[in-house]
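Please look first at the sequence and the structure shown below, and then read the briefing that follows.

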Amino acid sequence: MAEVQEVSPGRGELEWETPLYRTALAQFEQALPHADIEDFVAERLRYPERALVVSVPVHLDSGKLRVQHSSVLGPTKGGVRYDMEVTLGECAALAMWMTWKCALLRLPYGGAKGGLRCSPKDLSPAELQKLTRRFTAELLPIIGPQADIPAPDMATNEQTMAWMMDTYSMQAGHAVPEIVTGKPIALGGSLFRHEATGAGVVMVIARACQRLGWRLGEQRCVVQGFGNVGGVAAGELHDQGAKVVAVSDLSGGVHDERGLDIPALRSFAEEHGSLAGYEGGERVTNEELLELPCDILALAAREDQVTGENAGRIKAKLIAEGANGPTSLEGDAILADRGIVVLPDVLTNAGGVTVSYFEWVQDLGRLFWSRAEIRAKLADQLGDAFDRVWRLADEQGISLRSAALVSGIREVAGALTSRGIYP
């Protein structure tokens, strides 16, 4: 049998070599010794299968990116973000994490990520629509209901997905709702999709509390981020009786040891666009918020929030990663040394992609489920994944992050080994 060699570009030459991608790759390398997979499989999974970079000349020259990490298990799946800091390395890292996340939840997807390098706050709705439609047109060769299915992410929303769906459908000659997820309900969107990520974070926290012998209703919680993930998570924690003592968004944080009125905060943020000006508690910075005494710290903002510089000052007993990559490698090591339990992002924020999968299935079948059915299905899916991760971590004496990655890597590696390499 001829020897199979994987040809990969030199690591120094990779355009996606950025700090975030190096973090994703380092996590993969740390999990490998526990995954027991073949060398050629590991090499195949270190790098994305495909990256498309195009220019979108609508009033301004904006770079557009789409990275597909692995299509071994099925079509690739991942969000689209509009941000001036979008890079190929960031998209590659997020696509890799999405691969492990989908595999861990046993969804028939691989990971992808896309982004448009622009400043959305400086663009009118008409300009955003033109950019989105041109962006979608440029992606037509690689997206499709059985190839790559975009979803909303940073600074994109249901309207963005509606424009993408319409642009694709105009080329197909008929409505194709299953081309994207996170759409308006009227276009085939799913009930509970908006709340899924934040609600899923709390489902995982509740499962961890059960394992640790804690009562969730007795815990003091801090939530960094008060948008679609953090705001929903704070509301869910409040509804389950936990005391949310601090929350924050880009404008800073609000702190009250007696517990915050989360419904009032959410109403204020919806009316004013942020927490700026809210007078129902003590104002704190986002940096100060991370170091407040609490039982549970939910990180639902951006990457690299807990680092080697501040991890030693974190006072939480449990950290839940609602955002992607909020804990650096150095921060992770310090938290582990201090015995602080970390619920990793590839498990904890998987509620969004899981309900996106439910949306895709509903669109393909043109048969839709109730909110209660979807919430129950999500709880079952996350509960099964959590139990497998907890059991593996216990059996092998590794962190929950490593266990989650190993579980995902094994699923992809098993499929890749069975399929082999074509031709």
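In this model, 7 strands form an open sheet with mixed pairing, and their order is S9-S8-S7-S6-S10-S11-S12; two strands count as paired if DSSP finds at least two bridges between them. Helices (H or I, at least four residues) and strands (E, at least two) are DSSP runs, numbered from the N terminus. The model is predicted, so that local features need pLDDT of at least 70 and side-chain atom pairs count only at pLDDT 80 or more, while totals for chains, interfaces and linings use all residues. Residues are numbered from 1 along each chain as its sequence is written, and side-chain values use heavy atoms, with hydrogens and water left out.

- The edge strands are S9 (282-284) and S12, each of which pairs on one side only.
- Strand S7 (residues 243-249) and strand S8 (residues 252-255) run antiparallel and are joined by 4 bridges, and in this region Ser248 stands opposite Gly253 in S8.

**Helix H10**

- In helix H10 (residues 329-337), the buried residues are Gly331, Asp332 and Leu335, where buried means under 20% relative accessible area, exposed over 50%, and partly exposed in between (1.4 Å probe, protein chains only).
- An α-helix has 3.6 residues a turn, so residues three or four places apart point the same way.
- On the other side of H10, the exposed residues are Glu330, Ala336 and Asp337.
- The buried residues of H10 pack against strand S11 (318-321), strand S12 (341-343) and helix H14 (400-419), with contact meaning heavy atoms within 4.5 Å.
- After H10 comes Gly339, which has a positive phi, near 75 degrees.

- Glu236, found in helix H7 (residues 230-239), is buried with a relative accessible area of 13%.
- Not counting residues up to four places away in sequence, Glu236 touches Ala199, Val202 and Arg375.
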